Amino acid sequence: MTMRVPRRTLFAFIGPAVFALLLVGVVPLGFAVWRSFYYFNLTKLSESRFVGLDNYAFVLTDPVFWQAMGRTATLFAVAVPVQIFLGLTIALVLHRPGLGFFKVLARLSLVLPMATTYAVVGLLAQVMLNQKYGVINQMLGWIGIDPINFIGDPTNAFIGVIIWDIWQWTPFVALILLAGLSTVPPEIEEAAQLETKSNWVVLRHVQLPYLIPSLVAVLILRTADTLKLFDMPFTMTRGGPGSATEFIAILIERVGNRQFDIGMASAQSIIMLAITIALARLYIRFFYREV
Amino acid sequence: MAAPVQSKNLWAEGVLLVLICTFCIFPFYWMVTTSLKTQVIALQSPPLWWFTPTLANYWEVLFEDKVGFALINSMIVASCTTALAVGLGCPAAYALARFEFRGKKDLWFWFITNRFVSPVVLAFPVFLISRDLGLRDTHMALILMYLTFTLPIVIWICTDQFRSIPKELDEAALLEGASQWVIFRRICLPLAMPGVAVSAILSFIFSWNELLFAYILAPKNAKTAPAMAVTFMEGYSVPFGKIMATSTLIVIPVLIFALLASKHLVRGLTMGAVK
């Protein structure tokens, strides 16, 4: 039952926001598209020239670009299932009645990791994972594991990023799934619990259907955020050692900010954006149906 | 017979809850304790759990390493962008909730998509544009760029909030001859305050945490705290205590805000995919 209003009123209300978002969101994007057709390097400005689709052709066949994409996909493929598994476990525990006070406490502590400044998570990772002075290696020592060189070894650094991604985003997944669990009508859930003793059956046949929207939301947002992931691995390893943790956003930052090749970085970011939008649309078609 | 099983379950649950809390909180414990260590104590191998704490790191980073300056920059940028996002976003949210117009769905979709655009896509063009406009390394550049994520959040959460206000109220006012603006300012906005507050807190948190734009657009004069923290790692020896003192200073305000808005943080991060 929304109403029609004169166009002037409408513009007065919505115009400023639209204008602001156009200015900061769309104009730079257009600029990036324009620059992506140029050879444009800040250190060699005199050589700037129009190169058409050359940057795109280069990026699309560039193994470095696809390796960074591959690393990003690997991170997603390893971290997200773990986050969903742990998150679902946490959500199921918090969803059960009883121990009210402790559950409130647990919920509050779950909020902390995802609010933590992402750059600080990378610094924390550096300090806690340090081979010699890090507390995590000390703890591993208690159970008889020799100190691991997390930051300096390519595979271990990658594992380190995965661990901290899991630390930061498992609570997020848990709280989304918990919200999903609360959409199950209590009567249905109680009836099912009277029917069967197996929690698994209740989960599989009663709760899971209600969790589908939440799971889709998790997939959409984790996809977008993994493609965006910059701060944490950047402060932790700077994409290294070598290029072991150079995820797509770090690669683009390196090309643009440390190699000054803005034309190329623009082409890379446009391609990444296209991939993000394609994936998001795929999920959104399935999900954001309201409004 | 059921009782022992249940209490056993309860125990298992309790242990699990303690594990969850420890998992979430331990890094913060370690961050704070490390920030209270001198470099000598921090470089003990294996690390010490008990030691005499000192606040020396905080004095050093705040007054010698310009972290205080960076925190002030962060504060300016985050509060201004939040104020701007709320000022621009609330009327837009009201329009989306109350008015009927063509292209509403597309507009909505466009607002939402901003959640998916990586800052790295915008950072370089903005770097060039701001250089040409003389906005490089100013608070203004960051304040404007942060609108790309704060404005959609405000619009999303406030639209939801305005929708929940009964329309009978505005209809009555409309019959009395009030203009839309008066209805918005006098009737709906005061009722929507909880939503506005939540969206402001979330905007503040996300702006405060942002690194990429800050790192590329504001290398010196408008340097924010996260960008300052990064530069600590560029030296030869890593000053653990100082890094963790800086981290603690950066993280404390967001954690306070996050706890204040704890029920809504997930909603903000999901752009409303979860109620």
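Student: In which helix of chain B does B:Leu84 lie?

Tutor: Bear in mind that this is a predicted model. The residue B:Leu84 belongs to a helix that runs over residues 67-98 of chain B. That element is helix α4 of chain B.

Student: Is B:Leu84 buried or exposed?

Tutor: A residue is classed as buried if 20 or more other C-beta atoms lie within 10 Å of its own. Leaving aside residues up to four places away in sequence, B:Leu84 touches B:Ile143 and B:Leu147. Because 20 other C-beta atoms lie within 10 Å of it, B:Leu84 is buried.

Student: How many residues does helix α7 of chain B contribute to the largest nonpolar core?

Tutor: The largest nonpolar core has 166 residues, and those touching the most other members are B:Ala93, B:Leu142, B:Met145, B:Leu147 and B:Ile155. Helix α7 of chain B, residues 139-163, supplies the largest share of this core, and that share is 16 residues.

Student: Which residue of chain A does B:Ile155 touch?

Tutor: Setting aside residues up to four places away in sequence, the contacts of B:Ile155 include B:Gly89, B:Ala92, B:Ala93, B:Leu96 and B:Phe111 in chain B. The list also holds a residue of chain A, namely A:Ala17.

Student: How many residues of the side of chain A that touches chain B are nonpolar?

Tutor: In total, 81 residues of chain A are in contact with 79 residues of chain B. Helix α1 of chain A, residues 7-35, gives the largest share of the side of chain A that touches chain B, with 15 residues. By residue type, that side divides into 16 polar, eight charged and, as the count you asked for, 57 nonpolar.

Student: How many helices are there in chain A?

Tutor: From the N terminus on, the elements of chain A run α-β-β-α-α-α-α-α-α-α-α-α-α-α. Besides two strands, chain A has helices numbering 12.

Student: Why is α7(A) described as largely enclosed by the rest of the structure?

Tutor: The helix α7(A) has 28 residues and reaches 39 Å from its first C-alpha to its last, close to the 40 Å expected at 1.5 Å a residue. It counts as largely enclosed by the rest of the structure because, of its 28 residues, the number buried is 21.

Student: Where in α7(A) does the kink lie?

Tutor: The bend amounts to about 40°. It comes shortly before the proline A:Pro171, at A:Trp169.

Student: Why does A:Ile163 count as partly exposed?

Tutor: The residue A:Ile163 sits in helix α7 of chain A, residues 154-181. Although A:Ile163 and A:Ala79 are 84 residues apart in sequence, they are 7.9 Å apart in space, C-alpha to C-alpha. Being buried takes 20 or more other C-beta atoms within 10 Å, and being exposed takes 12 or fewer. A:Ile163 counts as partly exposed because its C-beta neighbours inside 10 Å number 17.

Student: Which element of chain A has the highest mean pLDDT?

Tutor: Chain A averages a pLDDT of 87, and 97% of its residues score at least 70. Among the elements of chain A, the lowest mean, 84, belongs to helix α8, residues 186-195. The highest mean, 93, belongs to residues 63-95, which form helix α3 of chain A.

Notes: Residues are numbered from 1 along each chain as its sequence is written. Chains are lettered from A and ligands numbered from 1 in the order in which they are written. This is a predicted model: local features need pLDDT of at least 70, side-chain atom pairs count only at pLDDT 80 or more; totals for chains, interfaces and linings use all residues. A nonpolar core is a set of buried Ala, Val, Leu, Ile, Met, Phe, Trp, Tyr and Cys residues joined through C-beta atoms within 7 Å. Helices (H or I, at least four residues) and strands (E, at least two) are DSSP runs, numbered from the N terminus. Two residues are in contact if their C-beta atoms, placed from the backbone, lie within 7 Å. Ala, Val, Leu, Ile, Met, Phe, Trp, Tyr, Cys and Pro count as nonpolar, Asp, Glu, Lys and Arg as charged, and the others, Gly among them, as polar. pLDDT is the predictor's confidence in each residue, from 0 to 100. The expected span of a helix is 1.5 Å times one less than its number of residues. The bend at a residue is the angle between axes fitted to the seven residues ending there and the seven starting there.
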